[in-house]
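Please examine the model shown below together with its sequence. The explanation is meant to be read alongside both.

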Amino acid sequence: MPATTFLSYILWIFSIPVISFVSAEYTWPSAQHDALEQFLYEGTHVTDDNVAGLAGFCLHRALPGGFQPSTFAAEWVRLAYHDMATHNATDGTGGLDASIFYELDRPENIGAGNVNSIGDFKGHSSKLVSRSDIIAMGVIWGVAACGGPPIPFRYGRKDALRAGRSGVPEPQQDLASHIESFRLQGFTQKEMIALVACGHTLGGVRSVDFQDIVPDPSNSSIATFDTTSSFDHLIATQYLNSSTKNPLIRVPSGNMTFASDLRIFSSDRNATMKGLNSETSFFQTCSTLLAKMIDTIPSNVHLSDVVTLLPVKVSNAQITAIDSQLVFMADLRVTFPIDINPMAVSKVRMLWCDSRGQFKNCNRVTNVASLPFLDAADTSPLTDSFNIQFALYRFKVQISAARSVSKFWFEIDGVVHNNGGKGYPIGQDEIIFVPSLGSVDQKFPQPDPANPSEFLPTSYNLVFGVSDTLSIANTFSKSS
């Protein structure tokens, strides 16, 4: 086969295809699974901002004007429940579908916490990661950040395009109304009691939102549900030993109409709360119920298998051009215990086969690169809770178009990682992305005249290289 050169560059607009779910046995590449696994465990996706890290170490949100802050975790868990509460188990509609984006004007969704949380998440969705999947991950990140149990995550939630039904219980409602609200959401009375306890181990009631519960002329205080910011069973312990200051039990205003937690917790003569009064039982119950909460979705939506951490993960594999030289690049993320120095790993190698020429498919020759750049990858609070870290081995090697790359794999101290024996395939090399020649319109963002709260799209110039053996009838330049 004659040598192939990459001489023609075009500007081209493209879209990412819809990706189907991967099977329980992961095989690379799987664009949606790869994106969600990265987001869940690294906390980053399209923007490279560590969104999950906002909640790290159970951090409180900084608020102006002397307002007492709540934790990111408390706000993210509340947002998810309020979004899920639109579910109607009778007809299978509603659920955790990001309809909360259209429901903030309802009295049941009062509070800066929901507004702030939507601001945390709204710029990070993509064609592969829905807003509702991010809301679900927010629960997992928040609970882990505050010392709580891991919660299994499945992806595939579909974002609603309009508001759902009203359904969030309000503190002034009676017990029968609460039981019915939770029944419609798909929860039994026992599950209602436990889910409220699981949610109310975090956060509290803001005076600015509920003056009838927490009267405060300054509108700046928050009455917490228990005496710690952590995800723990003190919400049950302090209720049972009568030391609680939970404002929905001991209402600061004295108006017991708002004592909704008292009515809910005592509705089965405290049997459920007594069962939650240990770390083990509390964590087990909350992990199960919070997973059920975030997996409550419309009946016509189907979720993936549970996304587990990949101990070794390939990303950013590409053939591209840098300074007129064809190069092959790939990153390998490796998981290590937090107390292990990745530098102690003696040898990490990338191996690959040619895709054309006399050595095609590793006929007599296997290529080897053994000097990667060692970098660190972000971790989410979920990953941090496992006491592990990521090392990122970045490989970049010069190749010739006459030989190129068909598949690659890795060895770590002699242990082969080869995508289940298949190798990691390079699908094609006739058209390559050349980000080093692209550009982004750096103009100051312009408000959209039709919607001043939003900005007009940014202009991107995407550059691709085309093999001179590939016939393309029409090429063009365009920005979007």
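The paragraphs below treat the domains, the interface between them and some local details.

This is a predicted model, in which local features need pLDDT of at least 70 and side-chain atom pairs count only at pLDDT 80 or more, while totals for chains, interfaces and linings use all residues. Residues are numbered from 1 along each chain as its sequence is written, and side-chain values use heavy atoms, with hydrogens and water left out.

The domain assignment, whose bounds come from an automatic or database source, divides the protein chain into domain 1 (30-306) and domain 2 (312-433). The C-alpha centres of domain 1 and domain 2 lie 40 Å apart. An unreviewed UniProt entry lists residues 71-293 as "domain: Plant heme peroxidase family profile"; UniProt positions follow the numbering used here, feature names are shortened, and annotations may be inferred rather than shown by experiment. The span 71-293 is 42% helix and 3% strand, and its end C-alpha atoms are separated by 20 Å. Helices (H or I, at least four residues) and strands (E, at least two) are DSSP runs, numbered from the N terminus.

The size of an interface is often given as the accessible area lost when the parts come together. Between domain 1 and domain 2, about 1100 Å² is buried, with carbon and sulfur atoms giving 59%; buried area is the accessible area (1.4 Å probe) that two parts lose on being put together, summed over both. On the side of domain 1, Tyr-41, Glu-42 and Ala-144 lose the most area to domain 2, together 44% of what that side buries. Contact (heavy atoms within 4.5 Å) involves 18 residues of domain 1 and 12 residues of domain 2.

The two domains are also joined by 3 salt bridges, each a side-chain nitrogen of Lys or Arg within 4 Å of a carboxyl oxygen of Asp or Glu. Arg-333 forms a salt bridge with Glu-42, where the closest N and O atoms are 2.8 Å apart. Helix H1 (31-42) and helix H4 (131-145) each supply at least two residues of the side of domain 1 that touches domain 2, and H1 gives the most to that side, with 6 residues.

Some backbone details deserve attention. Most residues other than glycine have a negative phi, and most peptide bonds are trans. Trp-28 and Pro-29 are joined by a cis peptide bond with omega of about -5°, and Pro-29 lies in the loop between strand S1 (6-11) and H1. Asn-219, although not a glycine, has a positive phi of about 55°; Asn-219 is placed in the loop between strand S2 (204-206) and strand S3 (222-224).

Finally, Arg-263 is found in helix H8 (residues 260-265). Which residue lies 92 residues from Arg-263 along the chain, with the C-alpha atoms separated by 9.8 Å? That residue is Pro-171. Not counting residues up to four places away in sequence, Arg-263 touches several residues, among them Pro-171, Asp-174, His-178 and Phe-258.
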